[in-house]
Amino acid sequence: MELHQPAPDFELPDLQGRLYRLCDTRGKIVLLNFWSAECPHSARTDSVILDLLEEWNGEVELLSIAANQNESVQMMQDVAKMRGIPKVLIDAQHLVADKFDAMTTPHVFVLDQAGILRYRGAVDDVTFRRREPGQFFLRDAVKAVLQGRAPELSETPAYGCTIVREI
């Protein structure tokens with residue numbers, strides 16, 4: 001998946017089995033968040049992302065994508081409800097994760113209104129050695145796209161738990 005190119009379309013079911021297609025979000029800024037019910041890094045960034053969604057006041061659509069083969073639908077439903085995640089799509093065979101080269105949870109991708117990939121990487125600069133964020137990459141990227149410009153920083157290394165592709 002190349003930066004500044006159209007994102008590949010996909011169709012995935014949500015936790016209730018309803019199908020969602022990425023192309024149906026054209027005209028909106030879309031945040032793809034490769035997500036995990038078990039990963040502590042996903043748990044931490046879920047609250048950050050939900051706060052940002054409120055700040056963005058409906059201008060950004062969040063699609064959380066669960067691609068870990070070791071997480072059951074029941075577990076994902078329970079955790080999504082507990083954390084207040086509005087929509088989780090199931091990528092059981094990690095086909096979408098593979099298309100986007102998503103490696104971790106979280107691993108976020110920002111698409112502009114035309115479906116062009118404008119940012120990919122980490123939510124912020126928290127790592128094993130840096131426990132408190134000093135930079136908020138996702139917030140800065142979305143702010144730029146909302147203003148109709150390319151983000152100054154369009155890619156950062158993702159940080160989190162490895163997506164489980166085989167069990």
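Trainee: Is the crossing of α1 and α4 left-handed or right-handed?
Mentor: Happy to start there, with a note that this is a predicted model, in which local features need pLDDT of at least 70 and side-chain atom pairs count only at pLDDT 80 or more, while totals for chains, interfaces and linings use all residues. Residues are numbered from 1 along each chain as its sequence is written, and side-chain values use heavy atoms, with hydrogens and water left out. A crossing is left-handed if the near helix is turned anticlockwise from the far one by less than a right angle, and right-handed if clockwise. For α1 and α4, the crossing is right-handed.

Trainee: At roughly what angle do the axes of α1 and α4 cross?
Mentor: Helices are DSSP runs of H or I with at least four residues, strands are runs of E with at least two, and both are numbered from the N terminus. Axes are lines fitted to C-alpha atoms, for helices over the stretch in contact, and angles run from 0 to 180 degrees between N-to-C directions. Helix α1 covers residues 40–56 and helix α4 residues 137–146; their axes come within 11 Å and cross at roughly 20°.

Trainee: How are α1 and α4 therefore oriented to each other?
Mentor: Angles under 35 degrees count as roughly parallel, over 145 as roughly antiparallel, 65 to 115 as roughly perpendicular and the rest as oblique. The two helices α1 and α4 are therefore roughly parallel.

Trainee: Which residues of α4 make the contact?
Mentor: Contact means heavy atoms within 4.5 Å. From α1 come I49, L52, E55 and W56, and they meet, on α4, L138, R139, V142 and L146.

Trainee: Does K87 count as buried or exposed?
Mentor: K87 lies in the loop between α2 (73–83) and β5 (88–90). Leaving aside residues up to four places away in sequence, K87 touches Y20, E61, L62, L63 and S64. Buried means under 20% relative accessible area, exposed over 50%, and partly exposed in between, with a 1.4 Å probe and protein chains only. With a relative accessibility of 17%, K87 is therefore buried.

Trainee: What is the phi of N57 near?
Mentor: N57 sits in the loop between α1 and β4 (60–66), and at 65% relative accessible area N57 is exposed. N57 is not a glycine, yet its phi is positive, near 50°.
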